[in-house]
Every structure is written in C-alpha cells, then in structure tokens.
Amino acid sequence: MDTAAEQAPAPDREQQAAAYRNLIVATVGFTLTFWAWNLIAPMSGDYKERLGLGSFQQSFLVAVPVLVGSLGRIPVGALTDRFGARAMFPAVSALTVVPVLLLIPAKDSYGAMLAVGFLLGLGGTTFAIGIPLVNSWFPPAKRGLALGVFGMGMGGVALSGYFTPRIAEHGENLPFLIVAGALVVYSLLATVLITDRPDRRVPTDTLAHRLGQAGRLRVTWELSALYAIGFGGIVAFGVYLPTYLKTWYEMSPTEAGTKAAGFALVTVLFRPFGGWLSDRIHPALVTAGALLAAALMAIVQAFDPGLYPVGTVALLCMAAGLGTASGSVFALVSQVTPQAQVGSVTGIVGAMGGLGGFVPPLVMGAIHSAKGSYSIGFMLLSDLALAGCVYAYGRMRTLRPSD
C-alpha cells in the first residue's frame, strides 16, 4: 500500500519534467532562430554602402525576411498540428542554416541578398511551432506563464541587433558562421530533447482544409487584430524607434540604438508577466488593461514631452503595456481555441502580429514627412490600442472554444 502510494505521483513528476524540458529547449530554439531571422537588419548599413543602395532598397532588404517569416507561420503552424513539434523544430532549425551560410557569398549582389533574405524568413516561423508545443504540455493554470516564457525567445532579435555587428568587427563572416554552427548543434539536441505529448491529437485532413477551418473561426481574426496591436506595436517600435529618437530628440545613432534596445528588453521581460497574470486573471482583462496603459502613454508621448524624465517613462511604460498584451493574447488563444486547431490558429495570429508591425512605421514616417511631427502617429496608436482594449473587455472575456 505504501509502495503504491509512493509510486503514484511518478507519472505526474515525469510529465512535469517533460513539460519544462520542452519549454526550455523550445525557448532556446526560438531565440536562436529569431537571431538568424534578424541577421540582415544589424548589417544593413554595411550592405547599403557595399551595394550602393538607396533608403527604400535598404528598407526592402530588411523587410523581406520579416514579411516572409510572418506569413510563413501560417503553413508552419498547420504543419505542426499534423507532424508535431518534435519533427518541425529540428527540421526548421536545420534548414535555416542554409540561408544563414548563403549570406556570405550573396553579400556582393543585391538580387542574391533579396533571394537569401526570402529563404531566411524561415527562421521567423518557429513561433508557430513552439506555441502549440508549450500549450499542449502545460495545464491551463500554468499555461499563460509558460507561453510568456517561451515568448521571451523574441529577444533573439534584440540579441542579434546588439551582438551581430560587434562580432562582425572580428571578421565580417564570423556572425554567420557562429549562428549557423549554433543552429546545427541545436537541431541535433532538439531531435533528442523535444517530445510531443503522447496523447496529442493528430489531424488527418489536408493542410488546406485545416487552414480553411482556422480561417473560418471568428476568434482567429479577433485574436489576430489584438495581436497585431500588441506585438505589432513592439515590432513597429523595434523598427522605427531608433529613427524617431535620432530625428526628434537629436540623438547619435549609438545612443538611439541603446535606448531602443532598452525598449525591446522591457517588452521581452513583460511578456511572461502578461502570461503569468493571465493565469490568475482572465487574459482578456489583462489584455484590455495592458492596451489601455499603452494607449495612455501614447497620448502622453503625442504631446512631445522632453525625453527626461517624461518621454523615457512614457516610452518604457508603453513597452511594458505592449509586452504584457503580447503575452496575454496567447494565453487567450489557449482558452478560446479548440485544442486540435491551436497550431493553425497560432500561425495565422502570429503572421498578423508580424505584419501589423510594418504599417505603423510607414504611417509615422509619412506623417512626419508631411507635417513635421509625430504627434498624429502617436494619437493613431492610442486610438488603435483603446479600440483593442474595449473589444478585449467587451467581447473576448466571455468567449469559450466553441464560440
């Protein structure tokens, strides 16, 4: 009797250990592949000089992998539903090695760089592999925090921005060789360490049918809109904040880059906070509160305050709100999406979040060119965030997976 009682908790301990092992390995993989995904942006100034690019050509070169990576999450998420993360994570990580190494011979041709940048977008799709994996391993009471911890892997973009140019100072090809080597090692370890849940439901219908089903769910597009505001805001500021700080506050490029890295760090740290809070409060309420905070700070910044202390506080609090919202939205995904469709829905929602980050910089740049001010752009951001706040509170807090 005593022996049986002692042995009974073992399966739970084993399952818990497997859950945390998968979370750690998936987060490391997400970080590495996002580093690879962002290899072009930190070096874009060098490519501009080497290839004699105009501003639009430089921006387009940076945008190609991001756009492809965002859209690629849609089929990759559906493929993860079918084949599982155990197959998809090592495969995508290993395949990403190819464009990383191709960046070396492609550096003297703009056309070749665009082609390699297209392939490099593959690295940005692992988000849609890790979310269903983590979602399946953790119980609802711990799922929000776990998804938030996994989401910290988006910090790979910030790591790339900081370390890639510094590594390149010791050899222009060295960053690509190091990242490629890390991806090879990771793909081998992931093959051994990542496991799908034994009771995972495997869909038998076609990829097109599963994507069609996910696309027909109203909640897919509701979540996409909220994520486009939360994570899209993060992407937008990651892309445009250095330009804004240099233009409006007359900072040096180095100082502006450092401030922008601080903004990115806050968003990364607050993403798991959003998930943790969503385990204790309904994630729709967390999303609504976080977007309200971001909206209020955007209004403050629209009045062009001095950078110290008001502007800095406003931007960092805005980062905290957007980071919290990006974590809580995926806690919401796990609550309102049928389990078998989490991968497909995650792919679409993740794609919309990534794409949502490219509209605000274009709008803010156009408004500044026309009016000489960023105030209208910040007010538009506050309007979007307030709309998301109202919708999350009014509609999303009452949803169930069957809705």
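Is Cys317 buried, exposed or partly exposed, and what is its relative accessible area? In this predicted model, local features require pLDDT of at least 70 and side-chain atom pairs count only at pLDDT 80 or more, whereas totals for chains, interfaces and linings use all residues. Residues are numbered from 1 along each chain as its sequence is written, and side-chain values use heavy atoms, with hydrogens and water left out.

Cys317 is partly exposed, at a relative accessible area of 35%; buried denotes under 20%, exposed over 50%, and partly exposed the range in between (1.4 Å probe, protein chains only). Cys389, by contrast, is buried, with a value of 13%. The cysteine sulfur closest to that of Cys317 belongs to Cys389 and lies 16 Å away, too far for a bond. Across the whole structure, 0 disulfides were found, a disulfide being a pair of cysteine sulfur atoms within 2.5 Å.

Helix 7 (residues 127–137) and helix 8 (residues 140–151) have axes that come within 10 Å and cross at roughly 155°. Helices are DSSP runs of H or I with at least four residues, numbered from the N terminus; axes are lines fitted to C-alpha atoms over the stretch in contact, and angles run from 0 to 180 degrees between N-to-C directions. Helix 7 is therefore roughly antiparallel to helix 8, a term applied to angles over 145 degrees. The contact (heavy atoms within 4.5 Å) involves Phe127, Gly130, Ile131, Val134 and Asn135 of helix 7, together with Arg143, Ala146, Leu147 and Phe150 of helix 8.

Notes
Helices (H or I, at least four residues) and strands (E, at least two) are DSSP runs, numbered from the N terminus. Angles under 35 degrees count as roughly parallel, over 145 as roughly antiparallel, 65 to 115 as roughly perpendicular and the rest as oblique.
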